[in-house]
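Hi,

Have a look at it first and then read on.

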Amino acid sequence: MNGTVNSQKRDLTVTVAGVKFPNPVIAASGVYGFGEYYTDLYPLNILGGISCKGLTLNKKDGNIPPRVAETPAGMLNAVGLQNPGIDFFINTHLPRLRKGGFPQSVIIANIAGETPEDYAEIARRLDETDVDMLELNISCPNVKKGGAAWGISSEGAVIVTKAVRNATKKPLMVKLTPNVTDITEVAKAAESEGADAISLINTLLGMRIDIKTKRPVLRNNVGGLSGPAVFPVAVRMVWQVARAVNIDVVGMGGVNSAEDAVEMMLAGAKAVQIGTAIISDPLAPLKIIGGLEHYMDVNGIKRIADITGKVQPW
Amino acid sequence: MPYRCGSYHIIEKTAISAGIYSYVILCPEVAEEAKPGQFVHIKVEGFTLRRPLSICDIDYKNGSVRIVFEIRGNGTARLSVLNVGDSIDMIAPLGNGFTLPYGKSAPDGKSAPDGKFTPVGKSAPIIAPDRRIIVVGGGIGIPPLLGAAKVMRERATAILGFKSYDKVILANDFKQNHVHVITCTDDGSVGIRGTVIPPLETELAKNDVEMVYACGPLKMLAAIVKTCQQAGVKCEVSMEQRMGCGVGACAVCACAIRKQDKESMLMVCRDGPVFKGEELVL
C-alpha cells in the first residue's frame, strides 16, 4: 500500500499554461456544475482542478429534454449550455467555490458565446476575478449559434482566440472540437493568436433513433458523443496536436481509469479532464488519482509530469 | 440532504409480476437518510448511464430500502438477473421526497403508528384528524407512492391504475398497510373500468383531502394536476426524465417549471423528482 514515505517522494503536480495543478486530474466542464454537487462524497480539493459549466453572457435555459441517450460504451448529450450567466457565476459560484475548499486546486472558467464580442466581454469580466484560467469553448455541438461554429475552421478559431486574448491576461486554454478534418490546423490557429494551452476533445457529433417511434432519442435530434467509446479518437488527436503545437495540451475524451490517464499523458497531455466517467461513477476522480499514485510507485516514477509525451511511436 | 455512493447487498428478491422485480437492499446509512419519494441511482455493469429508480419503501428499523422496477431495456434486464447476496453500486438517497404530514427528524423521537417512521413534531399526523391524503398512480409509477401512503395508514387512499388485471402490482402492499385501495383497469378486468380520474374526482368531492401525491405516465399526471386544481386541492407529482449524474451536476434531466409566471428549467434529480403539480409545465 501507499505509505507516507512514498507519498512524500511522489510529485503529482503538473503545470499547464504556467498554472500549477496539485495533480493532473481535472473535472471536465459540464459534468461538475460549479463544484457544489459532490461535496457529500469527498472534499473538492482532492481534485487537480475544476473546469466549470460552460458560461455565456446571459443565462441560458438549454435544450428541451430528453437531453441524454445511452450508446455502446458511452452517451450522447444535448444539454445546450444551460447556465446561470457569467455575472451570477462571478458573484455567487466563484466566491463560494474558492472558499469551499479550492484554495490550491485550479478553478477554470469555461466560456462560450455566439459572437466574438460575447466571448471577449465574458473574458473581460472574468479578468477582474480570481479565476485561475479561462477555457474557451469553441466546440459545443449543441447550440445553434456560436459554440462549435467557431471551432470548425482555423479562421473561426483565429477570430475568437484573438478577441479573447485582447480582453484578458488570464491563462487561456482553447477547447477544440473533434468534428473537423484536421484538428492540428485549428490548434495551430489558436496557438498563433496567443492561446496558452489547448484542451481536447469535446464530444463527437452523434445521433440515435428510437426504432419504435421513428423519433431521434434526443429532442435536439443530434448530440455529443462521449465516454469510453471516444477514448481512442481522443488519444490520437491529443497525440497529433501535441506534436503540432508548442503550447501545453490537456487531454480529455473517455478517460475512465488511471491507465487511461497515463495513456493520455504519454500521448502528450500535461493533464487530463474527466467527464463522462464522473457521471458513471462520482468517485472516478479519486480512483484515478489513487491509481496514478500506484502507477508511479510500481514504475518508480517520481514526477508524474515526466511521462507527458513519452510515447515511443513506431 | 447527504447522499452516499457505495456497494450494497440485495437481501430479498421477488418477481412481483411479469417483468417486474422487487429488491430489498441492505444499506443502513442510506435508509437512515431516505424518505418516500426519493430515488436511488444504480450502476448497471456494462452501461455508462446509471438507472434512477424510485424508493418504494424504507425499513428504518432494519436499515434497508426496497425498489420495484420493470424491465424496460437492456440495462434493467441486466439489473434483473442479480440475486440475493449480489451487490448493487448505487448513489442514494437522491432528490427531494414528497412533502408528507410525517417526516423523519422527530424532536420527540416517538414512532409513527407503523413503528418505522418517526413523525415530525408529535407522534400523530400534523394534519387535522378528520383530513386524509390520496396517492394516485399508474403502472410502474406506483412504487414511490407506497412509502408515502403507508405512513398515513387508514388515512390514505390509493387510486391505482393498470392496463389489465395481470399488470396489477403492489395493491396488497397498500392493503397490508391499512391503506384504502381503489383499483382501476383500462379494460375493466379488475376494479373500476377506465382511468384513475373519475374515482379521484369522487374522492376529492368528499372535501376531506389534504393533499394528493401522484406518479405515472405524463398524460395521467396532467389530468391529475388539472383535477386537483379544479377541486382546489394541493398536489405533488413525481417526475421521470432521462438522467445523467443524478445529483444535479450535468444538467441533463431538465424539467420545465413555472414559478410566479416565470418559466425555468429545473433538474428532476436535484430539484425533483417531486414537484408541485401547479408548477409543472405539462
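What radius of gyration would a compact globule with 282 residues have, and does chain B agree or disagree with that? Such a globule would come out near 19 Å, and chain B has 18 Å, so the two agree. (The radius is taken over C-alpha atoms, and the globule rule is 2.2 Å times the number of residues to the power 0.38.)

Before the rest, some housekeeping. This is a predicted model, so local features need pLDDT of at least 70 and side-chain atom pairs count only at pLDDT 80 or more, while totals for chains, interfaces and linings use all residues. Residues are numbered from 1 along each chain as its sequence is written, and chains are lettered from A and ligands numbered from 1 in the order in which they are written.

Chain A first. Its mean pLDDT (the predictor's confidence in each residue, from 0 to 100) is 93, and 96% of its residues reach 70 or more. A contact here means two C-beta atoms, placed from the backbone, within 7 Å. Chain A has nine helices and 16 strands, taken as DSSP runs numbered from the N terminus (H or I, at least four residues, for helices; E, at least two, for strands). A compact globule with 314 residues would have a radius of gyration near 20 Å, and the 18 Å of chain A agrees with that.

Chain B has six helices and 15 strands, and 50% of its 282 residues count as buried. Its C-alpha trace spans about 50 × 45 × 45 Å along the principal axes.

How do the chains meet? On the chain B side, 23 residues are in contact with 28 residues of chain A. That side of chain B has 15 nonpolar, five polar and three charged residues. (Ala, Val, Leu, Ile, Met, Phe, Trp, Tyr, Cys and Pro count as nonpolar, Asp, Glu, Lys and Arg as charged, and the others, Gly among them, as polar.)

Chain B is assigned domain 1 (4-94), domain 2 (123-238) and domain 3 (241-282), with bounds from an automatic or database assignment. The centres of domains 2 and 3 of chain B are 23 Å apart over C-alpha atoms. Their contact takes ten residues from domain 2 and eight from domain 3. Helix 6 of chain B gives the largest share of the domain 2 side, six residues.

- Helix 5 (residues 197-204) of chain B has Pro199(B), Leu200(B) and Glu203(B) as its buried residues. They sit on the same side of the helix because they cover an arc of only 105° around the axis, going by the directions from the helix axis to the C-beta atoms. Among their packing partners are strand 7 (132-138) and helix 6 (218-231) of chain B.
- Val84(B) is in the loop between helix 2 (74-80) and strand 6 (87-94) of chain B. It counts as exposed because it has 11 C-beta neighbours inside 10 Å. Beyond four places in sequence, Val84(B) touches Ile10(B), Ile11(B), Glu12(B) and Lys13(B).

Cheers

Terms used. Buried ≥ 20, exposed ≤ 12 C-beta atoms within 10 Å, placed from the backbone.
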